[in-house]
Amino acid sequence: MLVSAKEMLEKARDGHYAVGQFNINNLEWTKSILLTAEELRSPVILGVSEGAGKYMTGYKTVVGMVNGMLEELKITVPVALHLDHGSYEGALKCIDAGFSSVMFDGSHYPIDENVAKTAELVKICAQKGLSLEAEVGSIGGEEDGVVGMGEVADPQECKKIADLGVTMLAAGIGNIHGKYPENWPGLRFDALENIKALTGSMPLVLHGGTGIPEDMIKKAIDLGVAKINVNTECQLAFAAATRKYIEEGKDQQGKGFDPRKLLAPGAEAIKATVKEKMELFGSVGKA
Ligand SMILES: [Zn+2]
């Protein structure tokens with residue numbers, strides 16, 4: 001059964017580790033992530049962007065697939081199904097469809113409008129026992145075609161949103177989505193400390209987990225980050241393994257064209273990436 005992310009994130013915050021959010025795109029992604037979480041006894045958050053939801057034909061399909069897998073694969077670790085960077089309308093749709101957690105990304109609105117819309121969703125999620133992630137200060141890079149510049153969130157605005165009673169807060173601290181440029185200056189730990197000082201025990205979320213050096217990840221966890229989002233890294237691992245399979249001509253040997261064989265190396269590569277991240281985040285054995 002899907003669970004809210006609240007309890008797993010509070011445990012992570014108190015235990016000084018982070019829970020990974022791994023975005024899903026299809027059956028192979030979902031299966032690889034769930035099996036790895038179960039094998040490593042780690043809590044996990046499955047992230048679904050609005051684009052990925054649309055790709056999978058809609059949120060109801062996603063809920064049906066994930067619930068089916070939890071049962072058929074006998075998954076016993078805590079799993080949250082979470083909308084990633086949702087619009088207000090998208091969040092409502094996911095709540096209706098059966099997601100256990102949603103993110104409302106109102107970071108592109110003026111702060112008062114972000115506060116008003118987030119407050120509405122706090123009420124709805126509280127009634128239904130769902131967790132809610134809010135965002136302050138847009139996170140750079142590209143997310144479903146929307147390009148941000150990697151802002152540093154204003155700590156006072158973070159406090160305003162945190163005080164509404166959200167479950168977790170994503171605040172820009174110089175992190176960006178996708179691959180990091182060569183000249184990226186690194187995470188702004190000064191900003192993270194200022195945000196933490198004003199938001200208290202609120203679990204913080206680090207987006208754009210792909211390519212942040214390990215020591216920076218560990219320091220961010222020490223400073224209050226309890227959830228880290230990983231998306232691009234699984235995509236890169238899947239693509240590289242699939243490319244290798246084709247370039248080695250394996251699709252042309254025997255029944256190598258069978259989609260279950262063709263997609264297997266990519267699925268294994270996702271498992272390896274998820275395992276590496278869970279070990280780095282410290283969530284192994286915490287389920
Ligand atoms: Zn993000």
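Which residues in helix 4 meet which residues in helix 5? The legends below take this up in a predicted model.

**View 1. Helix 4 packs against helix 5.** Y59, K60 and V63 in helix 4 meet K93, C94 and A97 in helix 5. By class, this contact has 4 nonpolar, no polar and 2 charged residues. Two packed helices are described by the angle between their axes and the distance between the axes. Here helix 4 (residues 59–72) and helix 5 (residues 88–97) pack at an angle of about 40 degrees. Their axes are 9 Å apart. The two helices are therefore oblique to each other. Helix 4 passes helix 5 in a right-handed crossing.

**View 2. Helix 5 has a buried face.** G90, A91, C94 and I95 are buried in helix 5. Seen down the helix axis, these residues fall within an arc of 140 degrees, so they line one face. An α-helix has 3.6 residues a turn, so residues three or four places apart point the same way. On the other side of helix 5, E89 and D96 are exposed. The cover over the buried residues of helix 5 includes helix 3 (50–55), helix 4 and helix 6 (111–128). It also includes strand 3 (79–86) and strand 4 (101–104). Just after helix 5 comes G98, with a positive phi of about 115 degrees.

View 3. In helix 8 (residues 189–199), the buried residues are A191, L192, I195 and T199. G200 follows helix 8, and its phi is positive, near 60 degrees.

**View 4. G282 lies in the segment after helix 12.** Helix 12 spans residues 264–281. G282 has 18 other C-beta atoms within 10 Å, so G282 is partly exposed. Not counting residues up to four places away in sequence, G282 touches Y17, A18 and I221. G282 and K218 are 64 residues apart in sequence. In space, G282 and K218 are 9.2 Å apart, C-alpha to C-alpha.

How values were computed:
Residues are numbered from 1 along each chain as its sequence is written. This is a predicted model: local features need pLDDT of at least 70, side-chain atom pairs count only at pLDDT 80 or more; totals for chains, interfaces and linings use all residues. Helices (H or I, at least four residues) and strands (E, at least two) are DSSP runs, numbered from the N terminus. A residue is buried if 20 or more other C-beta atoms lie within 10 Å of its own, exposed if 12 or fewer, and partly exposed in between; C-beta atoms are placed from the backbone. Two residues are in contact if their C-beta atoms, placed from the backbone, lie within 7 Å. Axes are lines fitted to C-alpha atoms, for helices over the stretch in contact, and angles run from 0 to 180 degrees between N-to-C directions. Angles under 35 degrees count as roughly parallel, over 145 as roughly antiparallel, 65 to 115 as roughly perpendicular and the rest as oblique. A crossing is left-handed if the near helix is turned anticlockwise from the far one by less than a right angle, and right-handed if clockwise. Ala, Val, Leu, Ile, Met, Phe, Trp, Tyr, Cys and Pro count as nonpolar, Asp, Glu, Lys and Arg as charged, and the others, Gly among them, as polar. The arc is that of the directions from the helix axis to the C-beta atoms.
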